[in-house]
Amino acid sequence: GITLEPDTSNGGAHVAPLLALADGLGFHTDDGMEVLERLVGAEHPRLIVSTVDLESLLEPAEPEAAVAPVAAVAGSSAATAEAAISALWSDLLGVADIAGDDDFFDLGGHSLIAIRLMTRIHRELGVRFQLATIFEASTVDDLAALVRVERPDIDNTLAAAAGSATGGAATAPAPSTVVSDAPRAPMKHLIPISTKGDKAPLFIVHGAGGNVLFLWSLARAMAGDRPIYGFQAHGIDGADLPDASVQVMAERYAAELREHHEGPYLLGGYSGGGVVTLEMAKILQAQGETVRFVFLFDSVPSGRAWPSKRDRRRNLVGNIRRHGYDRVHPYLRERALATVRKFVPERAELAAVHEADDRDLGYTDLDTQGFVNLFFYFSATAERHVTGVYDVDAAVLKADLVWPYQPDDYYWTNHITGNIALRQVPGDHHSMFYPQNAPRLADVMLELLDKIDRGEPLS
């Protein structure tokens with residue numbers, strides 16, 4: 001095994017600080033192999049060169065400064081948590097006259113702005129929320145209530161600061177200090193994306209990135225037909241290491257699901273989350289629960305994401321014969337455009353729109369506190385998983401810019417013993433959730449869900 005031991009050459013001068021730092025973070029000599037594997041994703045080795053001064057990292061950190069009130073941002077009228085949050089929303093959304101029951105997403109908010117909002121709330125109100133908090137509390141009043149739970153003194157602090165800003169005699173009480181080693185609440189993995197609707201809820205597992213930000217567009221497009229919840233990955237907040245295997249993820253999510261909701265269950269999984277979802281279904285069934293249906297969003301079994309060029313050509317020809325040219329035309333058109341773009345670059349404004357859509361749905365790396373993109377780690381974990389056989393009924397929702405180079409059933413016939421419904425939706429692996437494509441995806445989902453509710457067979 002690999003251990004963390006000091007190099008005695010050169011007196012171990014450069015290794016000793018690293019060992020001491022690792023020990024301070026809770027990594028010990030007998031953890032070497034696990035730490036190495038989990039940090040580099042096992043099958044994605046990489047060389048990291050850094051000029052970080054390890055000695056300086058071992059020095060005691062300065063205590064974090066006291067939390068500053070938001071008077072500078074919110075203005076003198078920000079005498080309550082509601083007023084402060086309204087001011088932040090106005091600044092980030094460009095909307096004036098925000099009411100307490102206005103919804104963040106209805107005002108034009110999306111995932112990227114939500115991340116900026118959470119960063120501002122932490123910096124200016126001294127409260128650190130998980131990114132998915134905005135789904136749980138998407139109105140000013142609800143979000144202010146959560147701030148007040150974390151900082152009961154917030155209204156007094158803001159009122160005093162507002163009084164000082166307007167020349168009043170009030171003296172601001174000392175704001176709470178953020179203590180770096182303060183106990184933090186356990187991470188929640190089951191996140192309500194939309195709680196509207198009285199039909200059976202749908203629970204969808206994250207993709208390789210680990211976050212559930214991409215689900216906001218689908219939830220909006222489904223217009224409150226039924227509640228939608230997302231499972232975000234352990235470690236997405238950067239506070240813990242991610243789960244070491246698909247099985248551990250599935251066990252964690254199944255336990256949390258049973259704790260919060262009674263079956264029978266409607267489950268879904270996006271991309272690599274499909275195999276996690278199917279393992280959840282198997283666990284729930286073994287515990288006596290009923291899994292009514294599983295939705296697989298452009299998901300394939302482990303190890304099947306990238307067919308060889310030969311297999312791609314064979315699958316393309318087979319799909320044309322099976323479904324006709326019109327069904328594969330979007331894929332062929334996109335391939336032709338990709339060839340043209342090698343010589344004629346995509347217009348800058350179109351590229352900017354695509355980049356913005358990726359950021360808004362959490363697909364790209366976001367340089368902000370509290371967010372970690374787990375793509376490489378999760379991909380390696382999913383590749384190590386051996387996809388089993390699952391006794392469930394399922395629908396495979398195939399992105400029309402992807403599926404023609406995969407077999408028609410995405411390989412699931414060999415792994416799912418129940419009925420499999422195949423549906424084609426617009427977009428590629430990411431853009432199927434873009435706001436412009438989400439309505440069509442929602443239509444397909446609603447059609448399937450209505451038939452499931454009525455007990456009708458799916459073709």
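Is Asp103 buried or exposed? Asp103 is buried, at a relative accessible area of 11%, where buried means under 20%, exposed over 50% and partly exposed in between, using a 1.4 Å probe and protein chains only. The legends below take you through this and other close-ups. The model is predicted, so to speak of local features a pLDDT of at least 70 is needed, side-chain atom pairs count only at pLDDT 80 or more, and totals for chains, interfaces and linings use all residues. Residues are numbered from 1 along each chain as its sequence is written, and side-chain values use heavy atoms, leaving out hydrogens and water.

**View 1. The whole chain.** Here you can find 17 helices and seven strands; these are DSSP runs (helices H or I, at least four residues; strands E, at least two), numbered from the N terminus. Of the 459 residues, 45% are buried. Contacts (heavy atoms within 4.5 Å) reach across the sequence: among those with a separation of 6 or more, 77% are between residues 24 or more positions apart. The chain exposes about 22700 Å², and carbon and sulfur atoms supply 53% of that; the areas come from the Shrake-Rupley method with a 1.4 Å probe.

**View 2. Asp103 and its partner Arg220.** These two residues form a salt bridge, with 3.0 Å between the closest N and O atoms; the term covers a side-chain nitrogen of Lys or Arg within 4 Å of a carboxyl oxygen of Asp or Glu. Arg220 belongs to helix H10 (residues 215–221) and Asp103 to the loop between H5 and helix H6 (111–125), so the pair ties together parts 117 residues apart in sequence. Arg220 is partly exposed, at 31% relative accessible area.

**View 3. Arg148 meets Glu82.** This salt bridge has an N to O distance of 2.8 Å. Arg148 sits in helix H8 (residues 140–150) and Glu82 in helix H5 (residues 81–93), distant parts of the chain that lie 66 residues apart. Both ends are partly exposed: Arg148 at 27% relative accessibility, and Glu82 at a relative accessible area of 24%.

**View 4. Helix H11 and its cover.** H11 (residues 246–260) has 15 residues and reaches 21 Å from first C-alpha to last, close to the expected 21 Å; the expected span is 1.5 Å times one less than the number of residues. Its buried residues include Tyr253, Glu256 and Leu257. Among the elements covering the buried residues of H11 are strand E1 (190–194), helix H12 (273–286) and helix H16 (375–384).

**View 5. The nonpolar core and Ile134.** The largest nonpolar core has 106 residues, with Trp89, Ile121, Ile134, Phe135, Phe295 and Phe297 making the most contacts inside it. Such a core is a set of buried Ala, Val, Leu, Ile, Met, Phe, Trp, Tyr and Cys residues joined through side-chain atoms within 4.5 Å. Leaving aside residues up to four places away in sequence, Ile134 touches residues including Trp89, Phe104, Leu117 and Leu143.

**View 6. Helix H17.** H17 has 17 residues and reaches 24 Å from its first C-alpha to its last, close to the 24 Å expected. Leu441, Met445, Leu449 and Lys451 are among its buried residues. The buried residues of H17 pack against elements including E4, E5, strand E6 (394–399) and strand E7 (420–425).
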